[in-house]
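Please keep both the sequence and the model in view.

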Amino acid sequence: MKTYSYTKNRELMARAGKFIPNGVYGHLGPAEGCMIPPSAFPFFAERAEGSLIWDADGNRFIDYMCGYGPNVLGYCDPDVDAAAEAQMKKGNCVSIPGSIMVEFAELLTHTVKKDWAFFAKNGGDVTTLSIMASRYYTGKKKIIFTNGYYHGVAPWTQKPDSPGTIPEDCQNSIYIDFNDIGQLKQAIEEHKGEIACFISTPYMHGNFLDNVLPAEGYWQEVRRLCTENGIILIIDDIRAGFRLNIAGSDIHYGIEADLICFCKALANGYNVSALCGKEFLKSAVGGIMYTGSYWMSAVPFAAGIANINKLIANDACAYFHKIATRLTDGFAKIAKERGVNLTISGEPALFYLMIKDDKSLLLHQEWIAECVKRGVFLTNHHNHFVNLSLTPELVDQTLEICDEAMGVMVKNNPQVYR
Amino acid sequence: MPVKTKAFVNFYAAIGALEKFVELDSQAQAIASRQNITVRFNVKDGPDGLLIFSDGKVAVIPNDKRKTDIHLYIASPSQFNDVVDGKAMPLPIKGLGKTLKFMGNPSSPFSVLTNEMGAIMRTGKRLDGTEETELSTILAFYAMCAALGQVGTYDEIGKIAGARIPEGEVSLEITDKAYATLIKKDGKLSVVFKKSENPRAFMIFSTVEVAGDLINGRIDAMTCLSKGELLMKGYIPMLDNLNKVLNIVPKYLS
């Protein structure tokens, strides 16, 4: 199979680097450990459709990053784009909100079984609001995090050694391990009366580790401890939301969060995020001056309505589980046949891959690079995503490519795979 | 700037670079080969280490209680930093005559070596004006690597990142030119000036020019990454945290 070259991608990056910090900054760029080696990866897309992207050189990829989550129906979904286009003709960013905001709030709160919705743009907007609301409501300062978390890039989410962060930003942070009720009890005991909230993703989908599902009864015990101790329970469902359960991942795991944050899969790529919550926190959120220039733009609301309706109509979460299981079962089979110790963890719809035949992860990086160079867009150290447009045929193509790529990696490392 | 961290960087990175200067430069080696001496730099609340000249080689290591020819006591990290900057003389509590001979005036071997190395590292030229661009970059690379271990151990912010570097070795390389290894073992950081035999992660500069441009801030790391001139691979959590320490290093080496 022919491998790709990236001449135009590199030319564009050279131009980008002159005018944009890092050329491509943040998680979509080559500096964050998801593209190793960068030489194997495209940097710029030319177009996208369904589960496919074409880069600046015209290379075609079956994409398992889905824009790092937003692509939940398929790129350029005709129904969502039609709804957005229709709203665009009526008005988007106007001096007063479009009436469609009310319709979106009604649909969303009904879907995720919460009492209210507050709209913003990015995940970090609403995780930050969830912390502010918790502190305002409880009058307490401290936040409990689970190690390996990611809740955005605001200073309160960082560690003191992160560039741009100061130690005071982190002085009210408490860190415990996911699934460890003993540590949670200890933290509550040691900081009695000081804890505003417990924030966590519904399961541990961090990087560089096997993703960890909640242990039996874990969330129920967390819920009980939070309620008994006046701690606001926040689920950060930005990554997993609408991929496990249309009602939200708190419902998926059998509890009700006090606050839940949505973003990525909310509007199939149109920019809107939402904090949803229980009635008792509504006035606290209303009491915080928190807003932005584009937060009430109408087009993403129209897209969000079309997106949620299509997810419901197609029983999308069941499909994600089914199609992703076809893929991950295929990965497991390939790896077994080639004698590679590949671990597949997390929920199938957000599967996480890691070859564990060396402590450096170089073998894993080499395999992923060979996949990408042949047209399957995976990243080294991040969970992946599937979307509703992914077909069994594309999955089978993917497996064929990834099998060949694994064969190349195995052949290149005879010292490991004798 | 925290003077204690600066003192550790001065000893292990600035003076420590003598190891490589003597190895790579024939004139320096000629001077070093005439010395056979062990000097203890004993800084109160700072580094307590040995500078060893033996068999034409130099080593800079923590004090391992071996017999020394010269014992220099320095009352504070701040005073030691002044010594390194040539603004003060240390107090020898052992080996006064040897101290005067070894480092007592501008023509003493230690003074000649450090002055020449300093000029090369600062300007890319010898004191006589001869160009030494490549040697300058390679010495700066080794000083940067050595400083990583100290800043990741003693700097208030650096030690937070240093503590989060997972156990194992990071290979720091200028392809075919220079190798150092950052080691995290039993929670402690150290750096050795040799190629890692069992690296868990890599930071590789493709050429001396790229390393020089990056170290001196003439180009940015991201540009180099996307061009493939800087390669980072392996267990990325090691490099993520190493990079946070690396961000702080220049303020101690400038």
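The questions and answers that follow concern a predicted model.

Reader: How many helices and strands does chain A have, and what is its radius of gyration?
Author: Chain A has 12 helices and 13 strands. For its 418 residues the globule rule gives 22 Å, and the radius of gyration is close to that value, so chain A is as compact as a globular protein of that length. The C-alpha atoms fill a box of roughly 60 × 55 × 45 Å along the principal axes. The radius of gyration of chain A is 22 Å.

Reader: What share of the residues in chain A is buried?
Author: A residue counts as buried if 20 or more other C-beta atoms lie within 10 Å of its own. Applied to the 418 residues of chain A, this gives a buried share of 48%.

Reader: Among contacts in chain A between residues at least 6 apart in sequence, what percentage joins residues at least 24 apart?
Author: In chain B, 65% of the contacts between residues at least 6 apart join residues at least 24 apart. For chain A the corresponding figure is 75%.

Reader: How many helices and strands does chain B have, and what radius of gyration goes with its 254 residues?
Author: Chain B has 11 helices and 10 strands. Its C-alpha trace spans about 55 × 40 × 35 Å along the principal axes, and 50% of its residues count as buried. A compact globule of 254 residues would have a radius of gyration near 18 Å, and chain B agrees with this at 18 Å.

Reader: Which helices of chain A each supply at least two residues of the side that touches chain B?
Author: The contact involves 23 residues of chain A and 21 residues of chain B. By class, the side of chain A that touches chain B has 12 nonpolar, eight polar and three charged residues. The helices of chain A that each supply at least two residues of this side are α1 (7–19) and α11 (362–373).

Reader: How far apart are the end C-alpha atoms of α7(B)?
Author: The helix has 22 residues, and at 1.5 Å a residue they should span 32 Å. The distance between the end C-alpha atoms agrees with that, at 31 Å.

Reader: On which residue is the kink in α7(B) centred?
Author: The helix α7(B) is mostly covered, with 19 of its 22 residues buried. The kink is about 25 degrees.

Reader: Where is Pro37(A) found, and what is the omega of its cis peptide bond with Ile36(A)?
Author: Pro37(A) is found in the loop between α1 and β1 (45–49) of chain A. The cis peptide bond joins Ile36(A) to Pro37(A), with an omega of about -10 degrees.

Reader: Is Asp315(A) buried or exposed?
Author: Asp315(A) is found in the loop between α9 (298–313) and α10 (316–338) of chain A. Its phi is positive, about 45 degrees, although it is not a glycine. Asp315(A) has 12, so it counts as exposed.

Reader: What is the phi of Lys65(B)?
Author: Lys65(B) lies in the loop between β3 (57–62) and β4 (70–74) of chain B. Lys65(B) is exposed, with 8 other C-beta atoms within 10 Å. Although Lys65(B) is not a glycine, its phi is positive, at about 70 degrees.

Reader: Is Glu366(A) buried or exposed?
Author: Glu366(A) lies in helix α11 of chain A. Not counting residues up to four places away in sequence, Glu366(A) touches Met409(A) and Asn412(A). Glu366(A) has 24 C-beta neighbours inside 10 Å, so it counts as buried.

Key
Residues are numbered from 1 along each chain as its sequence is written. Chains are lettered from A and ligands numbered from 1 in the order in which they are written. This is a predicted model: local features need pLDDT of at least 70, side-chain atom pairs count only at pLDDT 80 or more; totals for chains, interfaces and linings use all residues. Two residues are in contact if their C-beta atoms, placed from the backbone, lie within 7 Å. Helices (H or I, at least four residues) and strands (E, at least two) are DSSP runs, numbered from the N terminus. Ala, Val, Leu, Ile, Met, Phe, Trp, Tyr, Cys and Pro count as nonpolar, Asp, Glu, Lys and Arg as charged, and the others, Gly among them, as polar. The radius of gyration is taken over C-alpha atoms; the globule rule is 2.2 Å times the number of residues to the power 0.38. The expected span of a helix is 1.5 Å times one less than its number of residues. The bend at a residue is the angle between axes fitted to the seven residues ending there and the seven starting there.
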